[in-house]
Amino acid sequence: MQQRPVALVTGAGSGIGAATANRLVATGHDVVAVGRRPEPLEALRADHGEAIEVCPADLADAERVVHVVRDVAARRGRLDVVVNNAGDAWQAGIEDTDPARFRSLVEVNLVGPAAVVHAAWPTFLAQRRGCIVNVSSLAQFDPFPGFFAYAPSKAGLHLLTVVAANEGGPHGVRAFTVAPGVVDTPLHRRLVPDGVDDAFRLDADTVAGLVVACVAGVHDDAVGTTLAAVTPAVAPFVRDWMDRNPNGGVRIMELHR
Ligand SMILES: NC(=O)c1ccc[n+]([C@@H]2O[C@H](COP(=O)([O-])OP(=O)(O)OC[C@H]3O[C@@H](n4cnc5c(N)ncnc54)[C@H](OP(=O)(O)O)[C@@H]3O)[C@@H](O)[C@H]2O)c1
């Protein structure tokens, strides 16, 4: 078995995924870089050489995703970390989001990541060790209008974290959700071409720092929870949501039949 821990990062060609791949290599990992376009993944490999393995795959193709993850684990004899970072986002009203359009986003943002976790799971259990970081969004609990598909896909992604943390905890598997606010990446520039105030915007490397801190065990007291990655200017909005939704928005109704 090789010595360097192996981390699989989806969406590793740009934004938060590329920054995460860079940081994981810097902290001694071999990184399996997944995304649709080979070119940005090859650029990452050009920067780091053999520490990067390029594995093009479309998250919407769950069978291909399962094959990629199982193949990596079998060839390498280990798989230590999966970062479900790849995602798509667009804004559309409910009236413009028919079931086919809704399903297409859920395939990428939720079914694909579930396929990654499913395929990595036997290796994690056999090793009695594994770490999952799911990159969600503040939209998982406080969606803007137009996130009729995006918000449920990210809320579901967080629940993958909860289930994996609950089921995997006794087997040494840790799972986290990192939910960024605004991050300066191609995805956000596409969504908001005019940009946002600097005070509200993180850079991809800062969010990657939080992802890698989860991997490193810095936030093990927060396994199974959401780490909201926001600037100080955005934090009051998150706190306001928490004030308006005490107990996470759950009201216990003790009923008698
Ligand atoms: N930027 C923000 O403000 C922000 C805020 C909250 C949450 N997020 C989340 O952060 C994550 C990373 O996004 P980012 O902001 O870093 O944007 P990004 O730079 O556009 O990165 C998205 C990555 O996902 C990959 N990807 C997209 N669809 C894919 C598919 N079907 N199969 C495989 N890979 C796919 C893309 O590569 P290919 O196109 O080559 O496939 C790309 O490398 C996303 O899950 C996003 O929802 C971002």
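## Exercises on a seven-strand sheet

Alanine 179 stands opposite alanine 228 in strand E9. The model is predicted: local features need pLDDT of at least 70, side-chain atom pairs count only at pLDDT 80 or more, and totals for chains, interfaces and linings use all residues. Residues are numbered from 1 along each chain as its sequence is written.

**Exercise 1.** Find how many bridges join E6 to E9, and give the order of the sheet.

*Solution.* 
- Strands (E, at least two residues) and helices (H or I, at least four) are DSSP runs, numbered from the N terminus.
- Two strands pair if DSSP finds at least two bridges between them.
- E6 (residues 173-180) and E9 run parallel, and 4 bridges join them.
- The open sheet has 7 strands in the order E3-E2-E1-E4-E5-E6-E9, with parallel pairing.
- E3 and E9 (226-229) are the edges: each has a single partner strand, so one side of each lacks a neighbour in the sheet.

**Exercise 2.** Decide whether the faces of E2 are covered or open.

*Solution.* 
- A residue is buried if 20 or more other C-beta atoms (placed from the backbone) lie within 10 Å of its own, exposed if 12 or fewer, and partly exposed in between.
- In a regular strand, side chains alternate between the two faces of the sheet.
- One side of E2 holds Asp30, Val32 and Val34, and the other Val31, Ala33 and Gly35; all are buried.
- The count for E2 (residues 30-35) is 6 of 6 buried.

**Exercise 3.** Check the span of helix H7 (residues 204-216).

*Solution.* 
- The expected span is 1.5 Å times one less than the number of residues.
- H7 has 13 residues, so it should span 18 Å.
- Its end C-alpha atoms are 18 Å apart, which agrees.
- After H7 comes glycine 217, with a positive phi near 95°.
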